Every structure is written in structure tokens, then in C-alpha cells.
Amino acid sequence: MLNFEVHPAVLVPHVPQGTELDARGGRHFLSLIGFLFLDTHILGLPALFHQNFEEVNLRFYVRKVGDKSRAGVVFIREMVPLPLVAEMARLTYNEPYRTVPMHHTLVETNGHLQSVEYVFGGPRDQCQLALHVEGAAREMQPGSEEEFLSERGWGYTRQRDGGTIEYRVKHARWRVWPNVGWELNGPVGEFYDEPFASILSGVPASAFVAEGSAVAVHFPERIA
């Protein structure tokens, strides 16, 4: 996760109805994240030929307005290498998916993670997101920036009619490698509009790797 501090005015046009920007200590964040999906199931059945794949997404952070305040995320763009995955996500959630060539590399020494790299794009627009860690993962600290950015139980998506859906995302509390070395290379402007391309060309406020876990993504429901 590369996390960039941004002015809230950058994000306001993308905030779905029924939610509001979430901040930590008055700071607002935009995150570029590489995910590795393994053993993917749909309705309890293996997703044939689509169980293992990468995703790179760009997201920011909101809370649901009202009596049931919920910490959530909103996606600016999600990229995967499999067209069927992108199409299913668009049809089910109306999420902003795009199909892009992609691969990843994990480097381990004696069973310990050393680096993780996601490469996306074709020969003429290829970009690289890489993070380099030292030592073992550790428990996430309560009240930490890593907790604020990763402990998000809900996704929110604006619909074509202006309404909003929410869906629950359940997973165990992740262990993390904080304060890692990072690289982001290539023409990111080929994949992200302004001002996001310029933001991603800058220096992130933080970078960390999360160990991951089993994750359950529930079907969406429309919010009032």
C-alpha cells in the first residue's frame, strides 16, 4: 500500500451519496494498492480458471452518514488481468474495473518475505509497483495509520442513477510490515486521469505491506 496525503477537494467529486470523507487527524489519504487473490470462490464454488489473479486499485476513505457510521472505501479505479473478473464486478457492483496485463513477483529468503512487485500495462505503458521489507511482519498497532487505512469493513459505490450501494468486506486483522521501501515507476498517467496521475508521481506519506488473510465480500445493498 502506497498512501498519499491529498487535499479533500480532490476527493469530494467522487464521494458517493450517503457517505462523507473520512480523515485521520485532519489528513485525507489516497492509496495505491496491489492485491494477490488466491483460491477465489463465488457462492462457495471455485471460480474456474479465475481463482488466482492480481489486482491493482486506487482508493480513498469514507464513512457512511447516519446512525450506523461505517468505515469504508471508495475505488477510483480497479485493474485486473482477467476480462471476466472485471465484467462480473462491473455488473454486480458497478465498480470502475479495467482489464490490464499484469503479473507479480514475490521474493522470499528462508521463508521470509523480502519484496513484492506488481507490474501492470503492456510493453509501451508498463508500470511497476514494488515494496521492499525487512524483518518479520508484526501486529498492527491500535490507532495506527495502518489500522486506519486497512481496517475498512465496507465498500461504497456510486450508481448510474446517482444512488449508492454498500457491501461488507470481512477479514481477520492483518499483520503488517510498516515503513517499507517503495518504488513506483512508469507512465501512470496512461492509467489514471489528473489530478491522480500527478499525485501518484509524488512521494507517498507512508508505505506498508499487509500479510493478508481469507476475505469474504458480500453482495451489495442499496443505502437510503
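**View 1. Arg90 and its salt bridge with Glu87 in the predicted model.** Arg90 counts as partly exposed, with a relative accessibility of 28%, and Glu87, at 34%, also counts as partly exposed. The two side chains form a salt bridge in which the closest N and O atoms are 2.8 Å apart. Both residues belong to helix H2, which covers residues 83–93, and they are separated by 3 residues, about one turn of the helix. Side chains of opposite charge can pair when their charged atoms come close.

**View 2. The salt bridge between Asp22 and Arg63.** The closest N and O atoms of this pair lie 3.3 Å apart. Asp22 sits in the loop between strand S2 (19–21) and strand S3 (28–37), while Arg63 is part of strand S6 (residues 53–64), so that the pair links distant parts of the chain, 41 residues apart. Asp22 is buried because its relative accessible area of 10% is under 20%, whereas Arg63, at 27% relative accessibility, counts as partly exposed.

**View 3. The salt bridge between Arg222 and Asp161.** Here the N-to-O distance is 2.6 Å. Arg222 lies in strand S20 (residues 221–222) and Asp161 in the loop between strand S13 (154–158) and strand S14 (164–171), so the pair ties together parts that are 61 residues apart in sequence. Asp161 is exposed, with a relative accessible area of 56%.

**View 4. An open sheet of 4 strands.** The strands follow the order S9-S10-S11-S16 with antiparallel pairing, and the edge strands, S9 (102–109) and S16 (181–185), each pair on one side only. Between S9 and strand S10 (residues 112–120) there are 8 bridges, and Met102 stands opposite Phe120 in S10.

Definitions and conventions. Residues are numbered from 1 along each chain as its sequence is written. This is a predicted model: local features need pLDDT of at least 70, side-chain atom pairs count only at pLDDT 80 or more; totals for chains, interfaces and linings use all residues. Side-chain values use heavy atoms; hydrogens and water are left out. Two strands pair if DSSP finds at least two bridges between them. Helices (H or I, at least four residues) and strands (E, at least two) are DSSP runs, numbered from the N terminus. A salt bridge is a side-chain nitrogen of Lys or Arg within 4 Å of a carboxyl oxygen of Asp or Glu. Buried means under 20% relative accessible area, exposed over 50%, partly exposed in between (1.4 Å probe, protein chains only).
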